[in-house]
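Thanks for coming, everyone. Please look at the structure on the screen, and I'll walk you through two parts of it.

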Amino acid sequence: MKGKRSNSVQNLRGPGFDDPLEGAVRTFIRELGEDPARDGLLRTPQRVAQSLRFLTSGYHQDVDKVLNGALYEVAYDEMVIVKDIEIFSLCEHHLLPFFGRCHVAYIPTKKVIGLSKIPRLVDIFARRLQVQERLTTQIAETIMEKIQPLGVGVVIEAKHLCMIMRGVEKQNSVAVTSAMLGVFRKEIETREEFLALVRKRSE
Ligand code: ZN
């Protein structure tokens with residue numbers, strides 16, 4: 001994301017000094033005992049600010065806009081499942097990444113969502129400061145709200161760098177969360193069918 005700052009401001013205050021986020025990163029670097037003016041770190045605040053804005057760009061995206069024109073009326077009442085959607089998010093407790101796979105399923109009543117829109121929907125919620133549980137629920141509830149299916153199931157399997165890097169968990173431990181709504185909650189067979197499909201390719 002390019003800043004809107006004018007050249008005159010830039011000249012007066014130096015590059016990036018009018019971007020509070022860049023300023024915060026510079027403070028952050030200094031507080032860690034580093035010299036933000038040394039060569040290798042000179043442009044780091046700008047890069048970090050840009051990268052953080054991208055990683056949290058979900059706050060500025062509108063679900064309805066993304067789904068606009070991608071809801072179809074179809075006579076289909078079997079389970080729709082989109083598996084192995086890559087997710088990258090930031091844990092809101094440590095601002096460190098968690099990443100893995102998301103599996104989404106629903107049973108339509110009248111409307112279906114264009115298949116390519118489901119990963120985009122997932123990204124809208126993943127690109128925020130998150131906890132994995134809430135991310136899972138938000139995806140499920142949004143689909144429930146937008147197309148009123150018989151039910152929705154969402155499973156997320158993710159590794160959290162805040163756990164792994166700090167040695168809280170072993171390298172290979174994966175956190176699994178799920179949200180089951182409607183028939184996915186009420187009917188064991190539906191839930192099992194979904195979970196069996198998820199397990200199939202994951203193993
Ligand atoms: Zn964390």
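Start with the zinc ion. Its protein donors are C91 through SG, H94 through ND1, and C162 through SG, and they lie 2.1 to 2.3 Å from the ion. Keep in mind that this is a predicted model.

Now look at the sequence. The donor residues follow the spacing C-x2-H-x67-C.

H94 has 35%, which lies between 20% and 50%, so H94 counts as partly exposed.

Next, helix α6. This helix runs over residues 132-147, which makes 16 residues. At 1.5 Å a residue, α6 should span 22 Å. Its end C-alpha atoms are 23 Å apart, so the two values agree.

Which residues of α6 are buried? They are Q132, L135, T136, I139, A140, T142, I143, K146 and I147. These residues cover an arc of only 160 degrees around the axis, so they sit on the same side of α6. Here is the background. An α-helix has 3.6 residues a turn, so residues three or four places apart point the same way.

Let's pick one of them, K146. K146 is in helix α6, and K146 is among the buried residues there. Its side chain makes a polar contact of 3.3 Å with the side chain of E145. What does K146 touch, leaving aside neighbours within four places in sequence? The answer is V63, D64, L67 and L71.

Finally, what follows α6? Q148 does, and its phi is positive, near 40 degrees.

How values were computed. Residues numbered from 1 in each chain as written. Predicted model: local features only at pLDDT ≥ 70, side-chain atom pairs only at ≥ 80, totals over all residues. Heavy atoms only, no water. Helix = DSSP H or I, 4+ residues; strand = E, 2+ residues; numbered from the N terminus. Expected span 1.5 Å × (residues − 1). Buried < 20%, exposed > 50% of the residue type's maximum accessible area, 1.4 Å probe, protein only. Arc of directions from axis to C-beta. Donors = N, O, S within 2.8 Å, 3.2 Å for Na, K, Ca; no water. Polar contact = N/O pair within 3.5 Å; in protein donor to acceptor, adjacent residues only side chain to side chain. Contact = heavy atoms within 4.5 Å.
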